[in-house]
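Thanks for coming. I will take this one piece at a time, starting with a strand and ending with some side chains.

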Amino acid sequence: MQCRDGRRAILSCVVSTLILLAGCNSDSTTDSSSSAVTATSEAPDTTTAADPSAVNWTNCGDIECGVLRVPSTHRDPASRQISVGVYSRKAVAEPVGTVVLLPDYDGPTARDLAEVPTVYLGAAARQFDVLAVSPRGFFDSTPLPCTLTMPYVAPNQDAFAVSASCRSNEQLNTVAYGVKESVGDLETLVSSLGIGPVSVVAWGRGATIAAAWKLLHPASMSSMVLDSPEDPGISPVKSAALNRAAEDAGVNHVMQWCTAHLSCPLFENAAKRVNLVISRIEEGRANAGATVATVRMAFLNTIVSADYGALFQALSDAESGDHTALVALAGADSPGAATRVAARIAGTCGDLSAADAEQIISDDAAFEETVIRVGSGDTIARVCAGMPEPVEPLGSVRAADGARGSRVQVFVSATDGVTSPAMVKAFAQRAAWKFRAVKSDGHLVVGHDRTTTEWVSDRKSTRLNS
């Protein structure tokens, strides 16, 4: 099946691909002749025996809300238990299968995905039993106990303070929040419910977890659609470098918009004026709780939303001494902001060794931006440098037999300034998975863009047995 470029066409292809693949039970395209995507360590078998009582369900209207109880580390089943939020929605007719949905840090939560799956997947979602999972640390799952300065920590002393607060509970630290532990949760879930193989659609962090799940346990799923996954088989230092370059390109694109539009409030000397705003914040001349990290998050959110005018109006207000709009644009006051930041800290630090954290900090300091530096990209790494050492840092995932060349479709925005399109493409190629860079602004293409989502809802989805 060929996917046409364009924002209206691409999501149609994404969900149709999922449906077509879900109708095929045998994995005839699997290439097991070369199993390793990268080969540095074997992951433990985290599969558990079937146990329907592992999930406690309650009625939540049109959906069922569940809590999956799992050990904080699957390497030690006797370790302290934590909760993982699960949401279930039944198909409107005889289901063609079960689809597992995994969200990113930002955007819709797992509960949102379960309550209105057609908004994010189109009409095809009605044909599946839906299981939306909130990964460790996410909304409705056990959070990492941290005291946060919003939006994100900024100065070094804040990073150290966050590290200290995250270490406040010695039984529950970042060691328990890595990708591989989340993979163990998914294995526990499908085993306890006696389902599978399942289809998977995942975004961002959820897509990275899903990718690792497929590489480690390929028999657990029949097909996957991944939006903007990071490569769980390469060093986090390399991932950070690629993402830093993508962010720089995204910021450059935003700045070029201003210099090309007379309507931009900072049209004259845009870079100089943004730098002046940042310098004043660094000098402590800001209100509304603005930090340098506020500027960076405002730019990243603009890369996602493509609402450039709002950003530069907020920067113009900040230039005049009012940082309220800039702080709002950075997401400091948005619902669940603190939870999302805590989840990002937990996930990043759960996968990052102390040595890698220090290397990322060093690399960030040496990085030369093309146009303008909009804030430190090493903030989370500085928090992680003060965290306990993870047992299995990310970058050590080995592909099991049957993982390569299987029914996986990988998408990324060609202009993604959050996750490097080059990294996503290289990952898909190494895994022999299908890849498509979408001509769409922003980040998280699947279900993010309203136009393409509506297009999917009108897509015919009758070819289930191809």
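I call a residue buried if its relative accessible area is under 20%, exposed if over 50%, and partly exposed in between, using a 1.4 Å probe and protein chains only. This is a predicted model, where local features need pLDDT of at least 70, side-chain atom pairs count only at pLDDT 80 or more, and totals for chains, interfaces and linings use all residues. Residues are numbered from 1 along each chain as its sequence is written, and side-chain values use heavy atoms, leaving out hydrogens and water.

Take strand β4, residues 97–102; five of its six residues are buried. Strands here are DSSP runs of E, at least two residues, and helices are runs of H or I, at least four, numbered from the N terminus. Two strands pair if DSSP finds at least two bridges between them. β4 pairs with strand β5, residues 128–134, in the parallel sense over five bridges, and L101 stands opposite A132 there. Four bridges join β4 to strand β6, residues 198–203, also in parallel, with L102 opposite A202.

Next, the aromatic rings. Rings of Phe, Tyr and Trp (its six-membered ring) pair if their centres lie within 6.5 Å; planes under 30 degrees apart are stacked, over 60 edge-to-face, the rest tilted. The whole structure has four such pairs. In one of them, W257 and Y308 have ring centres 5.5 Å apart and planes at 40 degrees, so this pair is tilted. W257 lies in helix α7 (residues 236–259) and Y308 in helix α10 (residues 308–319), so the pair ties together parts 51 residues apart in sequence. Ring pairs link W257, Y308 and F312 into a cluster.
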